Amino acid sequence: MTQYAMIIDYKYCTGCHTCEVACRQEKQIESQEEWGIKFAEFGPMRQGDEWYWDYVPVPSNLCDLCVDRIEEGKKPACAHHCLAKCMEVVSVDEVPARLTDLGAGGVAVFMP
Amino acid sequence: MKKGYKTEQGDEVLVRTCGWSPPGDHPVGCGMILHVKDGKLVKVEGDPEHPISQGRLCPRCLALTEFENHPDRIRYPMKRAKADRGKDKWERISWDEALDILEEEVHKIWDNYGPESIFVSQGTGRQASLYAPPMANACFKTPNISFMMSGSSCYGPRTVVADFLLGAGYPELDYAQFFEQRYDDPEYEVPKYIILWGKSPLQSNPDGFYGHSLIDLMKRGSKFIVIDPRLTWLASRAEYHLQLRPGTDAAIGLAMLHVILGEDLYDHEFCENWVFGVDELAEHVKQFTPEWAEEITWVPADVIRGAARAFATNAPSSIMWGLAFDTQQNGAQAGQAMLAIASVCGYMDVPGGIILALPSSFMGRWRFETSQYVDPEVFAKRIDAKEDHPAYATGPMCHPDSILTALETEQPYPIKMTYFYGSNPLSPTCYAEPERWYNALMKCDFNAAHDVFMTPTIMALCDLVLPLAGFAAQDAVVLPHFGRNTHFLGAINQAIDPGECKSDIEIDMIVGKRLNPEAWPWETAEEFFDAQIHTQYDWDFSDLRDAGVFQQKQVYRKYEKGLLRPDGEPGFNTPTGMIEVQSSIYDDFGEYDLPFFMEPAMSPYSTPELAKEYPLVLTTGGRDFVSFHSEHRQIPSLRNCTPDPLLTINPKTAAALGINDGDWVLIENQFGKCCERARVSYEVAERVVHAAHGWWFPEQDGEFPNLFGVWKSNINRLIPMYKVGKLGYGAPYKGVLCKVTKVSDPDAAMQDPTAYVAGEDRGPNSFEDGSAEKSPYLYQNFHPGE
């Protein structure tokens, strides 16, 4: 079975809450206490000579990377709707090449 | 895109549609697939084939099932005795009875006072923007319809300034919106710099602009210059952030012009051919150095210089101007300066610059053409401030501040009925001094509304309410920029049974057929849209349904090709035929022909005595991803993201005041007070605070005086009416003074609205008390004798 990982090019994440709400709908998470993915906010703060302000979405234990959708040829709900188009789920084999493509400046990989 | 809009998949029906409202947003028209099972909306998925949104959707559409299936939706007409206003004593009635009541009340007013005594109060952004004016003009036959912020302070001011000076529709960033291939079209160029001026499009998707296109462009290399009192997320990634004092945009503009014209960084050829008044402007701005602007705006002179040089010397670049231009008295001049900057740099209507368009097309024209149904003698009585603000009176709407005066004083005649057209103005989006409006509107003999939820406005004031359908339950079209610069038409396709709810256009038609049938020949929404489409194209609404969206064609440099003037001549639709950086008509309106800086009516420099008591500059209205102004407060997934109204305050200021993140604070000035929760963040400078707007609490007691907590966090209680510019536009929603203190009781600002005492002042003059040594830039110095 293919193993998948979520890559988030979080330097472009604007903190729009789309992944959170898309996931809630897709996975029918009724309780507002529970989350399939939720972003953390760092900043704004002055570090060195520049502003540092990043959002990093973090998938929770409820995240299964939408394997069902992937097998239907669709993107996971969060990546499909992401306004900044900064999320993707790829097979683990492809991760190094994708990281090289995306470059530095704020990229994270998750295997929830 | 695929043909057809409705397919079956297992036990679900999938309906492709474009979004607009309600629930609210601007006409962005994002593409989505609505999943319907057993007649119920069960899921919303972004449509990857949509040329603009490309599968993406924001949280508000992703939570659409919660809106459509919400237990509190208004689903049938209701009436209530006038004596019971403010009480939850609504009685369900039939549409026939509702229309009988409306017809009878309108006839009473027509017969006893004249149609002009009916006033239609319009909100912002929703489909209401298109269909409220026809309801007023062609149903009630009254000319008194307006968007209801003081000084009509949203979008209107910018479009009017563009009309006067540019002779074109809304100037919009070129984000390849007209191209099927989008950014890959060979004709397209990526802007090198984008100035975001008083605008935060990621959250606001303003007027049909797709906000996250800015991220698309950032990935393609565009750099940002952000002019904003807030350090927005985009500002944190900008090459230049001009963190100005709220309300001083015109001073920034003048100083940038000083640099661009003074250092000869402008496009001579474009200026010689197409721009009127450049030499006069260049002479005028010699005095406005970046050092002069630094003292006024608090932005370092070298940052202003750097931004102006980078922008002018990197073609093509573009500018987006935002709500901040509308929500200040001096906004028309800031807009004039901004248009001048873009024009002298030669960025108008070039690839990667600013797209221009004919000012009105399609239904953008129909809505105001319905004014033909107002008797000319009645139209002449329109309350449009023609004596004080003749420029405003050339526009399509009545004047909000003057309407308040008419309600209060019954001069020049009384207003006896108000219709709230899908808007909730008591919740702090539209009405400034909301308690004053409440008291004035309670005087009306009859008030009615249509909307999707029971709002504080309806609970407080109305005698009749009609049920409005959500966009998933109606057929309609969406057109970005309301027809003022429209890159596509999108089909809104009905996916679920609306029950007794009706769309805006259907309510217009059903009311119109009772009151003025000659204006309403259509039987269905589809017939109406066919007729509108046929004014320009030979295809039907059903074709648009199948196509999903129709992207309009666009050509660059329309001014060379005679595409911006109704007479087909090259140039711009202004008296001089050129872009007027020096206006040829402002003199007729009693306004200066060149842009100038004017202090806000209440500021550390215009009212230094008041500033001792209220030391912080208050700005408001920054948008959130999970709400549209006063909407979405009752949608669980969205409210969960932002549960409370937030006052953003700098960590140093907060520490000095003993305020911690999450504390409730009281925000107050001489007009009023309200409570919000402190959000301690470097997003604002030490001398500035930003307060969220649009708050009410649907979970609270709805009855008067609480009215769903509408007074508790009502930031517009701190904003005065009547402080508008000479052109009649602009009011200080983003620029007054306040003080902030920690409170233990979140209800500390609650007060019976009937106890509110309105100020005497009904003029645009500043609140200056003679103590202002530092500022020669007061309204009364520019417009003496008023």
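Into which domains is chain B divided? Domain 1 (78–153 + 363–468 + 504–517), domain 2 (171–356 + 568–589) and domain 3 (597–786) make up the division of chain B, with bounds that come from an automatic or database domain assignment. The model is a predicted one, in which local features need pLDDT of at least 70 and side-chain atom pairs count only at pLDDT 80 or more, while totals for chains, interfaces and linings use all residues. Residues are numbered from 1 along each chain as its sequence is written, chains are lettered from A and ligands numbered from 1 in the order in which they are written, and side-chain values use heavy atoms, with hydrogens and water left out.

The C-alpha centres of domain 1 and domain 3 of chain B lie 27 Å apart. Contact between them (heavy atoms within 4.5 Å) involves 43 residues of domain 1 and 42 residues of domain 3 of chain B.

Chain B also holds an open sheet of seven strands, in the order 6-5-18-17-16-7-8 and with mixed pairing. Here helices (H or I, at least four residues) and strands (E, at least two) are DSSP runs, numbered from the N terminus, and two strands pair if DSSP finds at least two bridges between them. At the edges of the sheet are strand 6 (91–92) and strand 8 (145–147) of chain B, each of which pairs on one side only. Strand 16 (residues 417–421) and strand 17 (residues 446–451) of chain B run in the parallel sense and are paired over five bridges; B:Met417 stands opposite B:Phe446 of strand 17 of chain B. Helix 4 (residues 128–140) of chain B lies across strand 7 (118–122), strand 8, strand 16 and strand 17 of chain B, and runs at about 175 degrees to strand 7 of chain B. For such angles, axes are lines fitted to C-alpha atoms, for helices over the stretch in contact, and the values run from 0 to 180 degrees between N-to-C directions.

On a 1 Å grid over the protein atoms alone, a cavity is a set of points where a 1.4 Å probe fits but cannot get out, and a pocket is an open set with protein on both sides within 12 Å along at least five of seven lines; lining residues have an atom within 4 Å of a point. Grid points are joined across faces, edges and corners, and a volume is the space filled by probe spheres set on the points.

The largest pocket holds about 1000 Å³ of space. Its lining has 46 residues, and those closest to the centre are A:His17, B:Asp624, B:Thr642, B:Leu646 and B:Arg679. Strand 2 (37–47) and strand 3 (50–59) of chain A, with helix 6 (201–204), strand 24 (646–649) and strand 26 (673–680) of chain B, are the elements that give two or more residues to this lining. Strand 2 of chain A gives the most, with five residues. Domain 2 and domain 3 of chain B both contribute to the lining of the largest pocket, so this pocket lies between them. By class, its lining has 17 nonpolar, 17 polar and twelve charged residues; Ala, Val, Leu, Ile, Met, Phe, Trp, Tyr, Cys and Pro count as nonpolar, Asp, Glu, Lys and Arg as charged, and the others, Gly among them, as polar.

The second largest pocket has a volume of about 670 Å³. Among its 32 lining residues, B:Thr159, B:Arg367, B:Phe368, B:Pro396 and B:Arg484 are the closest to the centre. Helix 5 (156–166) and helix 15 (363–369) of chain B each supply at least two residues of this lining.

Twelve cavities of 30 Å³ or more are counted. The largest cavity contains about 540 Å³ of space, and B:Leu323, B:Ala324, B:Gly621, B:Gly622 and B:Lys734 are the closest to its centre of the 37 residues that line it. In the second largest cavity there is about 270 Å³ of space. Of its 24 lining residues, B:Arg126, B:Gly422, B:Asn424, B:Ser630 and B:Glu631 lie nearest the centre. Domain 1 and domain 3 of chain B each give at least three residues to the lining of the second largest cavity.

Some backbone details complete the picture. Most residues other than glycine have a negative phi, and most peptide bonds are trans. The peptide bond from A:Gly43 to A:Pro44 is cis, with omega near 5 degrees, and A:Pro44 is placed in strand 2 of chain A. Another cis peptide bond joins B:Ser21 and B:Pro22, with omega about -15 degrees.
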